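The entries follow in the order in which I looked things up.

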Amino acid sequence: MSDRFDDVVRNAFDFLGRSIDELEAQPNYSVINFYSAVELFLKARLLKEHWSLIVAKPDEADKAKFLRGDFKSATLDEASKRLAKVVGDGLTEEELRCFDGLRKERNQMVHFAHAAQGDGEEAKDEMNRIVSEHAKGWLYLRRLLTGRWGKHFEAFAAIIEAMDGRMREQTKALKPKFLLLTDVIAEAEAAGGHFMSCPSCDFKSFEAGAPVWVGQGKCLTCEFSSPVITLDCVNDECKKPILLTGGYESCSECGHNYAPEQIEEVLAENGGLSDVDPQDPSDATRANCGSCDGWETVVSLTYAGWFCTDCFDIEDNVEQCEWCSEYSTQLPEDSFLTGCGHCDGRLGDEKDD
Ligand SMILES: [Zn+2]
Ligand SMILES: [Zn+2]
Ligand SMILES: [Zn+2]
Ligand SMILES: [Zn+2]
């Protein structure tokens, strides 16, 4: 199956390349091809686990038909659920929302003529929006391909790097919009605001707290919004102020690879973590993540609720699973019956009997 995997990944990069080539002349094709690439990357990851997972109904999957390409493939929603439940390597909520937005956009393009063509203001806004969304889609794809899914896509490191260069080049189209914002940004800075280079569009218009800070940041140029941590890079040779949007990213200045444990260390060293009370072991300072299913990746911040050092989800509360008593964020309402990310609840227990 590994040559199938290679084919699918190569196709995905091919669609991404076309999306860039077609942006100006035929923005509707650019949008359609971008989303095709997203789907193919998700399918490639499923294919690594088992070929039948990319077929709409895995229980009826026929390998001969699969090899001929004669099958109906899983939808984004199905693929995402399988990545989480079967592969155990799912998308974060933000990633799924972003990819689903691109899917809806693609469907519109297939049915309606496009507003991004022409010279008018409306066309310019529409083009800015597409460039912004593709920058964000690529940010999330690259993060998967080089981070959490990195070991499966190692052989494609050079292509990923080259594609990153092309995407960044495309995103420079937002420069006129950024330039129009420089006064607004200067005013906000004078009033105590703090701006950093945007992880999605690269312009210095991403508003976030000064290091070390955890919270929701937002870019005025491309409107990318994400929970982030700002910090001084832990690499002694670098030490530059940077921001990360996920636990498995690398420093944009020196390439140092981060992991959730290291992010937790940075928070601990800067007094960002609530103390464990050794006298009271039931006093939770750590929990499982209901967004990414991370095991004990959620830490209690001194100033901002509960923070997952893996997917960066920020929540006000954690709750105890009514079935297994584990602490978790985003617990389902009927956890006694359905369980949490780490147990199957009473219904699962009954099934086992
Ligand atoms: Zn931006
Ligand atoms: Zn660095
Ligand atoms: Zn998480
Ligand atoms: Zn549970």
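Entry 1, a zinc site. I looked up the zinc ion (ligand 3) in this predicted model and found that it is coordinated by Cys289 (SG), Cys292 (SG), Cys308 (SG) and Cys311 (SG), at 2.3 Å. Donors here are N, O and S atoms within 2.8 Å of the metal (3.2 Å for Na, K and Ca), and water is not among the atoms, so sites may look incomplete. The four donor atoms subtend angles of 107 to 112 degrees, which makes the arrangement around the zinc ion (ligand 3) tetrahedral. Four donors count as tetrahedral if all angles lie between 85 and 135 degrees. For reference I noted that the ideal angle for four tetrahedral donors is 109.5 degrees.

Along the chain, the donors of the zinc ion (ligand 3) follow the spacing C-x2-C-x15-C-x2-C. One pair links distant parts of the chain, with cysteine 292 in the loop between strand E6 (286–287) and strand E7 (298–300), and cysteine 308, 16 residues apart from it, in strand E8 (residues 306–308). Strands (E, at least two residues) and helices (H or I, at least four) are DSSP runs, numbered from the N terminus.

Cysteine 292 is partly exposed, with a relative accessible area of 24%, whereas cysteine 308, at 1% relative accessibility, counts as buried. Buried means under 20% relative accessible area, exposed over 50%, and partly exposed in between (1.4 Å probe, protein chains only).

For the zinc ion (ligand 1), I listed Cys198 (SG), Cys201 (SG), Cys219 (SG) and Cys222 (SG) as the protein donors, lying 2.3 Å from it. The angles run from 107 to 115 degrees, which makes the arrangement of the four donor atoms around the zinc ion (ligand 1) tetrahedral. Both cysteine 198 and cysteine 222 are buried.

Five strands form an open sheet in the order E1-E2-E3-E4-E5, with antiparallel pairing, and its edge strands, E1 and strand E5 (241–244), each pair on one side only. Two strands pair if DSSP finds at least two bridges between them, and E1 and E2 have two bridges.

Residues are numbered from 1 along each chain as its sequence is written, while chains are lettered from A and ligands numbered from 1 in the order in which they are written. Local features need pLDDT of at least 70, side-chain atom pairs count only at pLDDT 80 or more, and totals for chains, interfaces and linings use all residues, while side-chain values use heavy atoms, with hydrogens and water left out.

Definitions and conventions: Four donors count as tetrahedral if all angles lie between 85 and 135 degrees; four count as square planar and six as octahedral if opposite donors are over 155 degrees apart and all others between 65 and 115; anything else is irregular.
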